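These are my notebook entries on one structure. I set down what I looked up, entry by entry.

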Amino acid sequence: MGTNKPGLKELIIIEGFKRRDKVVFDYVFNYYYSSLCAFSRQYIDNLNSVEDLVQDFFVFLWMESHHLQIKSSLKSYLYTAIKNRCLDYQKHHKVIEKYRTFIQFSTQDGDYSAEHYLAESELRNAIQNSLGKMPQRCRQIFELSRYNGLSNREISDKLGISKRTIELQISNSLKILRKELAEFIPLWLLFWLIG
């Protein structure tokens with residue numbers, strides 16, 4: 001199973017995936033689950049997060065089985081996909097840490113009153129309302145970029161649309177956010193938080 005091209009057995013397994021054959025899916029899950037978890041631990045230190053990530057990946061495989069485009073060996077596909085998910089996880093946690101650092105820096109005096117909490121709540125609501133005003137595809141691309149930390153190329157591959165379309169949609173979403181959130185925060189802060 002370690003070659004670059006799928007062998008006959010793997011082609012049968014891949015076709016079984018596309019047909020949503022439960023026996024094939026269970027076989028692959030039982031065969032690869034533990035080793036994919038162990039591999040993921042190279043990138044993510046938390047065992048529960050690793051197990052969730054690998055389980056979510058198998059749910060994705062099941063749900064998107066009819067769209068699978070596996071050109072390499074099955075093993076190579078699975079490990080590459082898990083590695084990419086681990087890197088996405090790391091990016092997401094860097095964004096969270098960036099936000100925590102900002103909050104900690106902005107509240108280092110210990111003066112985080114009810115007024116601050118109210119302002120933060122209003123800002124969150126304004127952001128959600130702004131996202132709600134975006135066309136669905138525009139919002140989806142923005143969230144994949146800014147919340148999930150995916151690159152334009154990764155989004156393009158995931159959604160099957162051109163990188164240029166991704167760039168235009170992100171640009172449009174930022175215009176909407178700048179317009180909708182102008183009264184809440186200075187422009188430089190908006191770019192820092194969502195950029």
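Is Phe-58 buried or exposed? I find a relative accessibility of 1%, so Phe-58 counts as buried; the term buried means under 20% relative accessible area, exposed over 50% and partly exposed in between, with a 1.4 Å probe and protein chains only.

Basis of the entries. I note that this is a predicted model, in which local features need pLDDT of at least 70, side-chain atom pairs count only at pLDDT 80 or more, and totals for chains, interfaces and linings use all residues. Residues are numbered from 1 along each chain as its sequence is written, and side-chain values use heavy atoms, with hydrogens and water left out.

Entry on helix 2. I looked up residues 22-40, which form helix 2; helices are DSSP runs of H or I with at least four residues, numbered from the N terminus. Helix 2 bends by about 45 degrees at Tyr-32, the bend being the angle between axes fitted to the seven residues ending there and the seven starting there. At the N-terminal end I find Asp-21 as the cap, with a side-chain oxygen 2.9 Å from the backbone nitrogen of Val-23. Among the buried residues of helix 2 I list Val-28, Tyr-32, Leu-36 and Phe-39.

Because Phe-29 lies in helix 2 and Phe-58 in helix 3 (residues 47-63), the pair ties together parts that are 29 residues apart in sequence. Phe-29 has 25% relative accessibility and therefore counts as partly exposed. I also noted a stacked pair, Phe-57 and Phe-60, with 6.5 Å from centre to centre and 25 degrees between the planes. Both lie in helix 3, 3 residues apart, about one turn of the helix. Phe-57 counts as buried at 1% relative accessibility, whereas Phe-60 counts as partly exposed at 32%. The charged end of Arg-85 sits over the ring of Phe-60, 5.0 Å from its centre; the criterion is NZ of Lys or CZ of Arg within 6 Å of the ring centre and within 35 degrees of the ring normal.

Entry on Ile-82. Ile-82 is buried, with a relative accessible area of 0%. Ile-82 and Phe-39 are 43 residues apart in sequence and 8.4 Å apart in space, C-alpha to C-alpha.

Entry on salt bridges. I count 7 salt bridges in the structure, each a side-chain nitrogen of Lys or Arg within 4 Å of a carboxyl oxygen of Asp or Glu. In helix 2, Lys-22 and Asp-26 lie 4 residues apart, about one turn of the helix, and their closest N and O atoms are 2.9 Å apart. Lys-22 is exposed at 53% relative accessible area, and Asp-26 is partly exposed at 30%. Glu-167 and Arg-164 meet in a salt bridge at 3.6 Å, N to O; both lie in helix 8 (residues 163-181).

Conventions
Helix = DSSP H or I, 4+ residues; strand = E, 2+ residues; numbered from the N terminus. Polar contact = N/O pair within 3.5 Å; in protein donor to acceptor, adjacent residues only side chain to side chain. Phe/Tyr/Trp six-rings, centres within 6.5 Å; stacked < 30°, edge-to-face > 60°.
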